[in-house]
Amino acid sequence: MSETKTSAIWLQVLLAICLLAPLVVLLILPGGTMLTGGLWFWLILLMCFWMVWMMVAGSTVVATDELQPTGPRGLPPEEQPELVRALMDVLIATEQEGVRAFRGRLKESAETVFARLESELSDETVPLLQEDEQFGAAILLMPKDVERAVLERPSRLWLHWLLFGLTILTTTWAGAMHQGVNLLEEPARFAVGLPYSIGLLLILGVHELGHYFTARRHGINVSPPFFIPVPFALGTFGAFIQMKSPTQNRRSLFDVAVAGPLAGLVVAIPALLIGLQNSEVIAPGAEPSQGLLGGTSVGSSLLFALISKLAIGEQLEYGYMLRLSPLAFAGWLGLLVTALNLLPIGQLDGGHMARAMFGRRVGETISSVAMWSLFLLAIFVWPGLLFWAIIVFFIAGRGTPPLNDLTPITPGRRVLGYPPSRRRHHSCQTIHRRSWERRGRRPPTRSRPIA
């Protein structure tokens with residue numbers, strides 16, 4: 001066995017140990033009291049996550065370093081393809097390790113240029129059409145073997161199944177704990193945690209399958225979903241897929257990004273509607289019963305208030321709270337995860353959508369502003385966002401650009417990508433206020449935060 005294969009096997013073993021370590025720590029704690037187990041538990045957990053991140057990032061760096069060029073070489077006009085010179089006023093032409101780059105001004109529209117490059121180049125060459133801040137556009141001609149080595153990394157199916165199995169365990173354990181059942185002491189009562197676990201994993205799974213099948217429809221090579229298990233709080237930090245080949249253009253990038261949230265909502269909203277029917281409505285000053293989850297203000301969001309009213313009806317009045325059933329909590333969490341995923345940051349769905357809508361430079365600026373805004377909100381408004389902000393910070397990064405990164409998306413996609421306007425928001429607030437006035441009650445001046 002070669003030294004490279006041996007190193008890869010040991011890296012996989014170490015990765016598996018880091019993933020299993022938090023659960024092992026949880027099992028050796030008396031009574032499963034990891035939330036009060038002391039600072040050492042959190043340090044071990046943070047160290048495991050850091051090692052996993054370093055190993056994943058390190059493997060990418062090694063693969064890239066093997067292809068690092070020794071230095072660019074200028075291409076004289078006689079070595080420049082006639083097709084490229086027919087499509088671009090070439091101002092600078094270079095070559096690095098077989099990758100030829102041409103910078104200048106396009107003679108035709110970006111869509112026409114890319115279509116001709118694809119149709120007239122050989123099958124062993126992959127064309128990329130990118131933005132160039134100095135000259136306007138850049139055409140890159142990448143050999144197929146280099147494109148596969150840099151962009152198309154193989155999947156580790158054992159890792160996907162391991163993460164999925166661990167997430168089933170951690171979400172079932174979390175669902176039972178929220179019901180007041182410690183599965184480490186009463187493992188036979190594991191069914192208590194299944195409604196939450198199945199509901200949440202179904203929402204996350206359908207979300208990722210929306211990405212997966214849309215990507216396959218556009219001819220993009222993608223990995224199976226990565227689920228992120230955590231042995232505390234919600235039991236998971238969500239899931240994601242990895243695009244292992246570049247998207248064709250901004251339109252396909254937008255379609256893949258928006259498909260996940262739309263698919264997830266198809267499951268999250270019905271789960272919330274069904275779960276709310278088994279939730280408890282708490283009048284002001286009333287004591288809630290045991291065994292249900294999270295006291296939540298109905299006015300915490302317009303969508304949640306609308307769904308709650310549809311599910312519960314006249315029992316729900318202004319100022320009342322809800323104790324969510326496990327399935328309702330999973331549906332509510334699905335809405336929260338969808339909202340966080342739509343933040344225009346890095347590799348999140350919203351980040352891909354912003355990149356597709358506005359291009360690389362504007363998209364990266366929006367991503368930086370949104371990332372720092374998320375941290376500020378977590379510090380000064382809602383500390384519950386801090387965990388999500390840290391996770392987003394680790395996975396933000398920069399994705400592989402589309403092959404054609406110049407042709408804009410269609411107007412219909414652009415409309416879908418924009419958030420609701422302030423005018424619509426104000427009109428919804430006016431309708432909500434008038435409904436209270438018709439009942440002879442004073443409307444709320446502001447919504448209460450989610451508990």
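This report walks through the fold, the nonpolar cores and a few helices of a predicted model.

## Ground rules and overall fold

Because the model is predicted, local features need pLDDT of at least 70 and side-chain atom pairs count only at pLDDT 80 or more, while totals for chains, interfaces and linings use all residues. Residues are numbered from 1 along each chain as its sequence is written, and side-chain values use heavy atoms, with hydrogens and water left out.

The protein chain holds 15 helices and 10 strands; these are DSSP runs numbered from the N terminus, with helices (H or I) of at least four residues and strands (E) of at least two. Of its 451 residues, 43% are buried. Here buried means under 20% relative accessible area, exposed means over 50%, and partly exposed lies in between (1.4 Å probe, protein chains only).

## The nonpolar cores

A nonpolar core is a set of buried Ala, Val, Leu, Ile, Met, Phe, Trp, Tyr and Cys residues joined through side-chain atoms within 4.5 Å. The largest one has 50 residues, and those touching the most other members are Tyr 196, Leu 272, Leu 276, Leu 324, Trp 332 and Leu 333. Helix H10 (residues 326-341) gives the most to this core, with 9 residues. Apart from it lies another core of 23 residues, including Val 84, Leu 87, Val 90 and Val 99.

Leaving aside residues up to four places away in sequence, Leu 276 touches Ile 307, Ser 308, Ala 311, Ile 312, Leu 322, Leu 324 and Ala 328.

Helix H9 (residues 302-312) buries Phe 304, Ala 305, Ile 307, Ser 308, Ala 311 and Ile 312. Seen down the axis of H9, these buried residues fall within an arc of 165°, so they line one face of the helix; the arc is that of the directions from the helix axis to the C-beta atoms. On the other side of H9, Leu 302 and Leu 310 are exposed. Gly 313 follows H9 and has a positive phi, near 80°.

## Helix H11 and its surroundings

H11 is largely enclosed by the rest of the structure, because 9 of its 10 residues are buried. Among the elements covering those buried residues are strand S4 (125-132), helix H7 (194-217), H8, H10, H12 and H14. After H11 comes Gly 359, whose phi is positive, near 90°.

How do H11 and H12 sit against each other, and at what angle? Helix H11 (residues 349-358) packs on helix H12 (residues 360-380) at about 145°, with their axes 7 Å apart. Axes are lines fitted to C-alpha atoms, for helices over the stretch in contact, and angles run from 0 to 180 degrees between N-to-C directions. Ala 354, Arg 355 and Phe 358 in H11 meet Arg 360, Val 362, Gly 363 and Ile 366 in H12.

## Two residues in H8 and H14

Ser 252 belongs to helix H8 (residues 250-276) and, at 2% relative accessibility, counts as buried. Pro 411, in helix H14 (residues 411-417), is exposed, with a relative accessible area of 65%. Pro 411 and Met 357 are 54 residues apart in sequence and 9.8 Å apart in space, C-alpha to C-alpha.

Methods
Contact = heavy atoms within 4.5 Å.
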